[in-house]
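Begin with the surface, then turn to one helix and the loops.

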Amino acid sequence: MSLDAELLLDWFADTARDLPWRRPECTAWGVLVSEIMLQQTPVARVEPIWHEWLARWPTPSAMAKASQGDVVRAWGKLGYPRRALRLHAAAQAIAEQHDDVVPQDVNTLLALPGIGAYTARAVAAFAYGQKCPVVDTNVRRVVARAVHGAGDAGPPSTTKDLKDVEALLPENDKAAAVYSAALMELGALVCTARAPKCADCPVFDACAWQLNGRPAYDGPAKAVQKFAGTDRQVRGLLLDVLRGTVEPVAKARLDVVWSDAGQRDRCLHSLLTDGLVEQTREGLFALPGEH
DNA sequence: AAAACGTGGTC
DNA sequence: TGACCAAGTTT
């Protein structure tokens with residue numbers, strides 16, 4: 001079972017969103033920044049911040065010169081702010097060890113902080129037009145349905161997932177890279193998690209899920225992430241105070257965001273450990289590297 | 001290998 | 001309204 005590349009490529013050419021990191025003039029650095037920002041964060045929230053970042057830090061070396069605090073503040077409310085710190089560290093590594101050029105090699109990319117199996121291949125494919133399987137949550141869902149005839153993807157298995165997608169890719173490097181983007185776009189726009197728009201699907205006729213009678217997902221239940229009341233929420237509240245000020249603040253300013261002192265202090269400590277917050281000699285708190 | 005890690009929109 | 005979901009990585 002394989003999906004007709006031409007159908008998907010034609011659909012992509014007609015339907016794909018005009019995203020700034022897909023423009024021909026976008027640099028590899030721009031692609032890398034987009035991929036990090038898009039980890040678990042929707043396109044609509046990434047786009048404006050991406051524009052700000054590329055205008056402010058058009059190259060890895062430009063970002064390498066910024067302070068960690070500047071980067072964390074500019075990250076705003078994209079979420080998972082450790083990504084900002086890791087991207088800053090990656091920028092420094094690229095500037096210092098790779099002549100300010102984003103690496104093309106998957107294994108070299110994998111060695112950079114914050115770059116994992118997905119992002120390394122996304123950069124190789126989308127920034128450099130290489131043929132290599134790019135597997136994200138969209139692609140896993142599309143493959144689970146269209147190829148395996150399941151209702152949804154089961155638990156991830158990097159090795160098997162890469163192999164599944166590798167088998168689908170067209171021979172030609174450039175075509176394979178566009179095909180990878182098309183697979184993701186199909187999952188994002190048509191083959192969605194809830195209420196897939198099968199009537200609009202370019203590979204409807206070849207879809208194993210359709211041919212299989214659209215069975216429901218039968219894999220293990222997916223764990224739902226709680227947020228309210230968790231350390232994640234409290235860390236977010238604490239960091240939000242610091243994002244809003246340039247001057248270091250007294251602990252009392254942080255204490256007001258959460259009533260449970262034990263949880264509050266544990267979270268502040270974890271932020272310090274993560275390097276997202278620093279304490280000044282005077283005992284005040286601030287974003288890192290700005291004082 | 002499961003769990004931690006932000007934030008906001010949607011149905 | 002609250003569960004589910006969003007271009008994952010790290011430990």
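The accessible surface of chain A in this predicted model comes to about 14,400 Å². Carbon and sulfur atoms account for 53% of that area. Charged side chains come next: 32 are positive and 35 are negative. The centres of these two sets lie 7 Å apart.

Now take the chain as a whole. Its C-alpha trace spans about 65 × 45 × 30 Å along the principal axes. Chain A holds 15 helices and 2 strands. Of its 291 residues, 46% are buried. Consider the contacts between residues at least 6 apart in sequence: 62% of them join residues at least 24 apart.

An unreviewed UniProt entry annotates residues 37-189 as "domain: HhH-GPD". In the model, this span is 64% helix and 0% strand. Its end C-alpha atoms lie 19 Å apart.

Next, look at helix H5, residues 68-75. Which of its residues are buried? They are Gly69, Val71, Val72, Ala74 and Trp75. An α-helix has 3.6 residues a turn, so residues three or four places apart point the same way.

What covers the buried residues of H5? The cover includes helix H2 (28-37), helix H3 (43-56), helix H4 (60-65) and helix H6 (82-97). Helix H13 (231-243) is also part of the cover. Gly76 follows H5. Its phi is positive, near 60°.

Positive phi also turns up in residues other than glycine. Asp99 is one of them, with phi near 60°. Find Asp99 in the loop between H6 and helix H7 (106-110). Is Asp99 buried or exposed? The cut-off for exposed is over 50% relative accessible area. Asp99 has a relative accessible area of 67%, so it counts as exposed.

Ala195 is another case. It is not a glycine, yet its phi is positive, about 50°. Ala195 sits in the loop between helix H11 (173-189) and helix H12 (208-211). Its relative accessible area is 62%, so Ala195 is exposed too.

How values were computed. Residues numbered from 1 in each chain as written. Chains lettered and ligands numbered in written order. Predicted model: local features only at pLDDT ≥ 70, side-chain atom pairs only at ≥ 80, totals over all residues. Heavy atoms only, no water. Helix = DSSP H or I, 4+ residues; strand = E, 2+ residues; numbered from the N terminus. Buried < 20%, exposed > 50% of the residue type's maximum accessible area, 1.4 Å probe, protein only. Contact = heavy atoms within 4.5 Å. Areas by Shrake-Rupley, 256 points an atom, 1.4 Å probe, with all protein chains shown as cover. Lys, Arg positive; Asp, Glu negative; His and termini not counted. Charge placed at Lys NZ, Arg CZ, Asp CG, Glu CD. UniProt positions renumbered as here; feature names shortened; annotations may be inferred.
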